[in-house]
Amino acid sequence: MHKKNTHHKRSIDWARYIISFVITAAIFGTVLYISQVATAKRINEIKSIQDKIAIDLLSSETQFSLLASGAACNEDGNSVLAPEIEKLGERLSYMEDQLGTDNSDVIGLKKYYSLLQIKDYLLTKELSQKCGFKTVSIIYFYSNNDCPECTRQGYVLTALHEAYPTLRIYAFDANLDLSAIKTLQTVTKAPESVPSMIINGKVYTGFKTLEEIESKLPKTFIDVAKKAAEEAKKEKEEEN
Amino acid sequence: MFGSIKEILLYIAIFGGLYFQVFLLVSYFLWDGITEYGEDDVESGEVFEPIVAIMVPCYNEEDTVVGTVNSLLGLQYPREKLRIVVIDDGSKDNTWNNVQQFAGNQSVVLLQKPNEGSKYSALNFGLRHIRHNMPAVDVIGCLDADSSVHPQALHFSLREFTKPGVMAVIPTMVIDHPKTFFQHMQKVEYEIATYAKQAFSRLNTLYIAPGPFTLFKREVFDTLGEYHEAHHVEDMEIALRMQIKHMRLSHAVESMVYTKGPSTWSALLKQRVRWTYGFIMNAWDYRHIFFKDALGHVAVTLPILFGMLFVSVVMTPVLLISLGSSIVHLIQKATTIHQLPSIPDFDPFYINTSALTILGIITILCLILTLGMVRRNMLQQRLFSWDLLTLTVYSFFAAWWTCQSAWNAIRGKKKAWR
């Protein structure tokens, strides 16, 4: 015959709850640690790219001063830094998304990045004046706070750059506490309100669509850029 | 501000989810086979072959009731020891006519009563009949008229009674031939539930004695009396009363019961709102047992589950707002540049290593591993199939019915106060 229901003394065996809690907490701790290490690694990666760019910029400037005039006018001077700076910008904006706009690491890196952009802009301008290079640039002022137009403008500029890889776009956070940005705003006569853009020296305020910006770019530039983009596309297809 | 509150809530929810899974795994592996009753002798050669009565309450089940009764008649069990009590709960369709084909069967009793709006009254009607007219019946069970049993289900369930102190045995529920998306989703859900039942069974913390094919010793009803209305989930309420009286409930993993499962969203929502609302109300009614040491683990797991329900109620709107805003951004991006955003090239730099993402992935992996274990060890099924993907959306649906149930519970309380 089966056993009778014997009344066993029951009690809560807390060891299971505590062991489970310790294991869960350990998993949490490990993950938080790994995540921190990964973030620190990325910040360092950005820093080292910035340092490399700073050296390259300084080197170009020095070369330029040494040789004066047009002796430094080789094709390299026109295109070496741009892709590096763009890569940096993309990474930085990703970190900003991940860590938040008020993260001190992000703010520090952004200031450095802004200065590098200004230097690149000045050097490119000088080179194109002295060597006769035709470069087209857009200086873009935005803000991350309460500016839905800026978010949309950002999408447009990203798409624009994909269409014209040789187009130089310098983006500055107008809210960043950096006097060089304020000076750049004054020098380029950019308004206080964001978004605003300086396209080849002319000031434009408010959101501009892709087509509107395209219409403001020199026609020769568009033709050359389109041809280059098509060739690049063909090359890529052949590679595949 | 919203961002940081969202993060804190997400951390709490993930911690809760992970903790619960770790707790079940720890209980399952570290305390394998050890219960409050000592080590269970599973391979006991003892044979328990009592007279069993199975009640089949039905309300408008003309399509399925015959199959249900036939599956019971197909049980591998001495026919003279089996009684099937069909209770037509005032059906408006052909249920009563359809069951007449069993009228001459020695093992089948057909009863009819007017409908009173809840299943518990039909069960009590059947119980009274059994207790007054069938004194030799030792084990009483129930099978919903939309379910059917495996021929060996009774054999495996009865074997569970040979473990010390077991007064009720619950089966493993399987979704029968899933066809629609929602049925496949329930199939995976029931598989996870099988594991949870097994873990809860070892902890002696089962708090539901499901309608389909839970078997009770007659003593249970002699001691506790009849079923209560219990917010339409009488199966949870009776299990809680058993726990309070230290009557052991056990899960017979090999005892398979097949149920159809709602095929559409509206039917599933209706079922789940009833269940979840019932869970909330009964847990609330029995809150006096929370953390009562003398009741063992059920006194801890019940409040934990109750609390997790509320975390999920808070989490849902948070996650939905967050998901909604990402979709809005994506649409905004596409409409601003009049083309679909391009997919960037792969770069290890952009692998998301935020703690929340990693923890979310670990939680889901844990769940999939558990499921793999259930499928291989308990259900003898293929480890991977496409229906695992339903896990990715399950929580959203679950959150929906949880929120609706919580809302009903709050509204219901207000009504009761007036």
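This is a predicted model: local features need pLDDT of at least 70, side-chain atom pairs count only at pLDDT 80 or more; totals for chains, interfaces and linings use all residues.
**Entry 1. Domains of chain A**

I noted the bounds as 41-65 + 74-132 for domain 1 and 136-230 for domain 2. The C-alpha centres of these two domains of chain A are 17 Å apart.

**Entry 2. Chain B against chain A**

I turned next to the contact between the chains, where 39 residues of chain B meet 35 residues of chain A. On the side of chain B that touches chain A, two or more residues come from each of helix 1 (2-30), helix 10 (298-337) and helix 11 (355-378) of chain B. The largest share, seven residues, belongs to helix 1 of chain B. By class I recorded 24 nonpolar, 12 polar and three charged residues on this side of chain B.

**Entry 3. The sheet of chain B**

I traced an open sheet of eight strands in chain B, with mixed pairing and the order 5-4-3-6-9-8-10-7. Why is one side of strand 5 and of strand 7 of chain B left without a neighbour in the sheet? Strand 5 (108-112) and strand 7 (147-149) of chain B stand at the edges and each has a single partner strand, so one side of each has no neighbour there. From one strand to the next, I noted an average twist of 30 degrees.

**Entry 4. Strand 10 of chain B and its partners**

I examined strand 10 (residues 248-259) of chain B, which pairs with strand 7 of chain B in the antiparallel sense over three bridges. Strand 8 of chain B runs parallel to strand 10 of chain B, and eight bridges join the two. I looked up B:Thr259 in strand 10 of chain B and found that it is the bridge partner of B:Ser147. B:Thr259 is also the bridge partner of B:Ile175.

Is strand 10 of chain B largely buried or exposed? Of its 12 residues, 10 are buried, so strand 10 of chain B is largely enclosed by the rest of the structure. I also saw helix 6 (residues 181-203) of chain B lying across strand 8 (166-175) and strand 10 of chain B, at about 155 degrees to strand 8 of chain B.

**Entry 5. Nonpolar cores**

I listed the residues that touch the most other members of the largest nonpolar core, which has 94 residues: B:Ile54, B:Val56, B:Val85, B:Val86, B:Ala168 and B:Ala239. For B:Val85 I set aside neighbours within four places in sequence; its remaining contacts include B:Ile54, B:Val56, B:Val109, B:Leu111 and B:Ile130. Another core, of 25 residues, lies apart from the largest one, and among its members are A:Ile138, A:Ile139, A:Ala174 and A:Ile181.

**Entry 6. B:Ala267**

The C-alpha atoms of B:Ala267 and B:Phe182 are separated by 9.9 Å, although the two residues are 85 residues apart along the chain.

Notes:
Residues are numbered from 1 along each chain as its sequence is written. Chains are lettered from A and ligands numbered from 1 in the order in which they are written. Two residues are in contact if their C-beta atoms, placed from the backbone, lie within 7 Å. Helices (H or I, at least four residues) and strands (E, at least two) are DSSP runs, numbered from the N terminus. Ala, Val, Leu, Ile, Met, Phe, Trp, Tyr, Cys and Pro count as nonpolar, Asp, Glu, Lys and Arg as charged, and the others, Gly among them, as polar. Two strands pair if DSSP finds at least two bridges between them. Axes are lines fitted to C-alpha atoms, for helices over the stretch in contact, and angles run from 0 to 180 degrees between N-to-C directions. Domain bounds come from an automatic or database domain assignment. A nonpolar core is a set of buried Ala, Val, Leu, Ile, Met, Phe, Trp, Tyr and Cys residues joined through C-beta atoms within 7 Å. A residue is buried if 20 or more other C-beta atoms lie within 10 Å of its own, exposed if 12 or fewer, and partly exposed in between; C-beta atoms are placed from the backbone.
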